[in-house]
Amino acid sequence: MNCELLATCSALGYLEGDTYHKEADCLESVKDLIRYLRYEDDTRDVRQQLGDSQIVQNDLLPIIIQYRQDKSLFDACIRLMVNLTQPAMLCFGKIPDDPVFRHHFLQVTAYLQAYKEAFASERVFGILSETLYDLLQLDWEKRQEEDNLLIERILLLVRNVLHVPADPCEEKKVDDDASVHDRVLWAIHMSGFDDLVKFLASAQSEQQWSMHVLDIISLMFRDQTPEALVSAGHARSVEEKQKDSQELEALREREHAEKRSRTFQRGNRHSRFRGSYVVQGLKAIGDKDLIYHRNIHNFNNYTHDTDKTVRRVPKRNRKAQECKDKRRSALNVRLFLREFCVDFLENCYNRLMYLVKESLIREQTQQHDETYYLWALSFFMAFNRGNGFRADLVSETMSIRTFHFIERNITNYYEMLLTDRREATSWSRRMHLALKAYQELLLTVNEMDRSHDESIRQSSNVIKSNIFYLMEYREIFLTLLRKYDETKQPHSYLKDLVESTHLFLRMLERFCKGRRNLIVQRKRVKRKKSQNKKKGSAPETSPEVLEETWKIVEEELKTTGFQLSESVIENIVPFDATSETPLEEQRTEAMVRVQDALLARLGPESLGLLRAAREVWPEGDVFGSADVEPEEELELLKQILHANLPRSSPEILMEEDDDGAEIEEEEYEPVQVSETEFNLLDFIKRFANPSIVRPYLLLLKSYSKNTPHTNHCIARMLHRLAVDLKMDALLYQLSVFHLFNKILSDPAAAAYKELVTFAKHVLNHFFSVAAQNNKAYVELLFWKNVGAAREMTEGYSKEGEGKKPTWTEEEEEELRKLYMEHRDSEVPDIVETLLPLLSNSNRTRRQVVTQLVHMGLADNAKELKKQKKGTRIVLWTEEQEEELHMLFEEYKDSDDVLGNILKKLTAKRSRGRVVDKLLSMGLVSERRELYKKRSRSAQGKSSGQAMTEEEFLAEMTQDALDDSVDKDDDEEEEEGEHDSEDHEEDKEEERENSQNSGIKSQSFHLTVERRADICAMVNALHEEGMSGPLLWLQNCLNKTAKDRKDDGVSQPVPLVPLAEANEEAMENKSFLRLLRKLGIRPPANEQEIFWRIPAKISPYQLQSAAAALTPNEKEPENSEESNGTRNPSEVQRQEDEEEEEKDEEEVSGEQRAQTLRALLLARKKKHHTTVGTAPVSDLNSGDDSDGVAESRSEEKTSTKRSRSRLMDDDDDDKEETEEDSSTAKDMDTNGDADSDREDISAPLKRRRKMVLIDEEEEED
């Protein structure tokens, strides 16, 4: 030992019996030891020398027991012990690989184990508990910085002592016996330190120690399992006894089988000599038969590998080591820990887990501290499930945030497992811990489903709907199974992964069973293939072809006069500034592109590329000088065409067995998120993959050591694949059959009935397939994907069936010529034009498109994509907007504004797009302004002009068709747009349309009768004492109207009741009926809670609705005015007009019937006329019909005049009072009249159809 260290230790004092006598300079000596530890070397020599002298056992612990009142000495001793007891892993950084440093590491660990045994004393923890209690009694105002440091050091000291690993050589004790760790825990319990830990976890003022508390708790339960603590002190249940008896019976059967086999192997009499035998048919190393020198009863186990040396497995290929097994502590320790768990769950769990989670999210903790959080989550939630499940005790960790936190950590751990190879074991253990936490969350959600409380079951459904909706949570088990590596992840990890997958699928099956369709999220990454791999080496061309190509290009360039169009110049980009390719390589690529354009006989494009490249790379005159003449450019292009330029060799594209995707360099674009309908069978089909089946079969190899539940999970998954999906050919593999043979021949096979039944099922199917397929036995040597499995059972495809069709040189040249001839023609689809012109009529569209892209005539297949139904013009140019504005100004006073605009538009667009553009440009304020105006029939008759038959029928059906035509056009436009989109987006659009159809069908325009109903409902609610909620609703409507006026944007606004009276009103049926009357919609789905003001309601309509909420018993109709009150004469005039309009609606049906009878009479007259006088008779019949119509309608002339006057007045009112809120009422009145006319026009349409049919028969 070092002399200075020895002298310093001697200066501390000495122990005499149970009494310690300190020296005068004891405090300075302790400080000197702390200083020595600060400057120790890499071998930790100071720490080893102090451990060898047993300074903790003989000096430091007696000092803190006897001299607790000496605060400075007590603080220094605690500080020194914290340093001495820190883990060896922290001292050395990692477990050293060097033998010398490994020896020092083990020596330090041995000293720590001796320290831990010394701390297993009630007196020591009693002193620590009293000191910590006194410090916690101080208020935070009186607590000094030294007090906080001492609290932290005491917690660190206890943490370090509990962290010391057990010595496997010294502690060779059985279960239920007290180990050193158990004795330390019992000392903690007897001193009351565990109560202080629970106080620190629950006290609001001590939340800064939350991470230290969680460390101590996790180390206290290091060797425990939740199941063992739950059953502590309780009698064994019937299920446990039955389970133990089954395991014992399986062991007895296996033992009896081994005894029987040994009996059969034993001969009738003892043979002194083992004998020698010649085995016929089994060759030895040479050509002779094998000579066997052992007892003959052992011959069945003979192999050629018997005497071979065992091949050493490389370290990187060895299986991952399992963690040490858990041991059962003494009963009194388990009982104390069980009570600790119960108290911790009831008083501390939710708060402590919240604080730790916040610290982790804010990164206020040390590295890898999240592992303590994951352990605590899985341990205490498992204990809660076993100890009478209560969801409120673990409510903090039962959320989607927790699922997301764990899923993110699993992903991070897996990425680090692949990158940090040196620490792969540590990352694997952390990943296993995160998986256990995820599994426990699923088990708790599954337990919530069985609860008798309806609210808990509803919360479980909400959590499950979120888990199953998001793709990350659905596919995490698929990813983990596919990426399983037995060299990095232990057997226990695979067991938990298989059980978690089984639980998840069971929950998903139950969730989908009661629902017709389940909508889930789908993410898709669009991959853009790199452009530099499309073209490989230059096509081999003969000199004759090059000469012919050059003649065509030269003639084309001379024809254009070496002038390039603007479109060609804009599309040429010779240099990519964002590319990582060096400039020199890009210059070579630009030269190759010029050559490719020349080979494709694209003269202007090649010349444009040459000039653009000259501007980018002017140095060296590689692409010509700056003042080059056109003739020189032509010569330069000819040289480039005949040059042998270096080209990048095309990379070989490989295919993956899993999904057949091509592996090539890709540029990832942002993830596209969409929704689609979930299909459980399609999801299970994704498990039909060899990379997923192999982990299950690897776990099945240890079937005799697995629990019955684990074997059931394996059998259930294999049953899904082999029976439900009929993919049993995936299991036709020699190693699988060898495993099945082992199960079937097992003496204890009766304990594995499920596995035996499944193995027989698969073998029976294989032999039936082998009877039809003579290659089935050869297929056993290989793992098969889905395609190979289907071929094995259904038959192999013919040779060359799946190969791509080849193109001869003549066919390529023919396709090139046809494409060059028709590429400038304005045909809508050039591929459809080329197909009938090809000599080989068997070519499909896909083959032609692929060949055009391969030959470089088209950049990609999207350019040749077949045009879908509907217009694809979406963007409006400035010229098109000006043209639309001019057409609107020209036809805005016509009867059919929109029809005339559509006829005159240069770029043809759908009706709905034109309407949307007019609205966005502000030319019209609403769609009604673009409807066809009604024909003034009364004015025509009063002026003496007769209506033709077409005008009559058009006038008769115009009101019914105005709205429907626009609606049909909009639907056709939507269909055209949807045809060009994906199937998933189409489904999503249909769902949105169906969801909002009920809302869109409502009209918010308040009629007189509707306003009367609203006022009556408002007065009734006022009488019920709901004036406060009505005022709140009125303020909400006015505020929303003001916001929409100011912002110019309309969005759904929720009605959030904050006051108690408003919340009660939202539960009142009368109040909700009023909301529906006003057009406010209820929550659309489970994710919405509040009622919402729809975005389609304009500010004026909102103000009108708000004004209707003012109680007015005398005249509720007048309350609709929001901008001011009208004088009585205006109100009286409007009421007179409305009465006249109602009278007109009553007589309109009779008028139409009389006119139709006149039309029929005219048709009869036409039938009796001769062919030669047809024009005259037609004219006369028209006059007669007009006369009859006029004679029959003389009785109603006064009503017609009033109707025409009323229509004129309505039009004038609309122009004068366009911004007045009362127009909503007028327009709705007209709308009601239109709906009446629609009802009347329905039988008239049928009559018109009958008239037309009679006319056709008469003409025939």
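There are 37 salt bridges in the structure, a salt bridge being a side-chain nitrogen of Lys or Arg within 4 Å of a carboxyl oxygen of Asp or Glu. Side chains of opposite charge can pair when their charged atoms come close.

Before the examples, the conditions. This is a predicted model, in which local features need pLDDT of at least 70 and side-chain atom pairs count only at pLDDT 80 or more, while totals for chains, interfaces and linings use all residues. Residues are numbered from 1 along each chain as its sequence is written, and side-chain values use heavy atoms, with hydrogens and water left out.

Take K71 and D147, whose side chains form a salt bridge at 4.0 Å, N to O. This pair links distant parts of the chain, with K71 in helix 5 (residues 71-84) and D147 in helix 9 (residues 145-163), 76 residues apart. Helices here are DSSP runs of H or I of at least four residues, strands are E runs of at least two, and both are numbered from the N terminus. K71 is partly exposed at 41% relative accessible area, whereas D147 is buried at 8%. For those words, buried means under 20% relative accessible area, exposed over 50%, and partly exposed in between, with a 1.4 Å probe and protein chains only.

Next, K917 and E881 meet in a salt bridge at 2.8 Å, N to O. K917 belongs to helix 41 (residues 911-921) and E881 to helix 39 (residues 878-891), so the pair ties together parts that are 36 residues apart in sequence. K917 is buried, with a relative accessible area of 16%, and E881 is partly exposed, at 26%. Salt bridges with shared partners also join E40, R44 and R47 into one network.

R252 is partly exposed at 40% relative accessibility, and so is E249 at 36%.

Now the chain as a whole. Its secondary structure comes to 53 helices and 10 strands. Of its 1260 residues, 41% count as buried. How much of the contact set joins residues at least 24 apart? Among contacts between residues at least 6 apart in sequence, the share is 73%, where contact means heavy atoms within 4.5 Å.

Leaving aside neighbours within four places in sequence, T109 contacts A88 and P165.

Finally, the surface. The accessible surface of the chain is about 73100 Å², and 49% of that belongs to carbon and sulfur atoms; areas come from the Shrake-Rupley method with a 1.4 Å probe, and for residues only the protein chains shown count as cover. Patches are made of residues with over 30% relative accessible area and no salt bridge, joining like charges within 9 Å and nonpolar side chains (Val, Leu, Ile, Met, Phe, Trp, Tyr) within 5 Å. L734, V778, L781 and F782 make a nonpolar surface patch of about 400 Å². F782 sits in the loop between helix 34 (776-779) and helix 35 (786-794), and is partly exposed at 47% relative accessibility.
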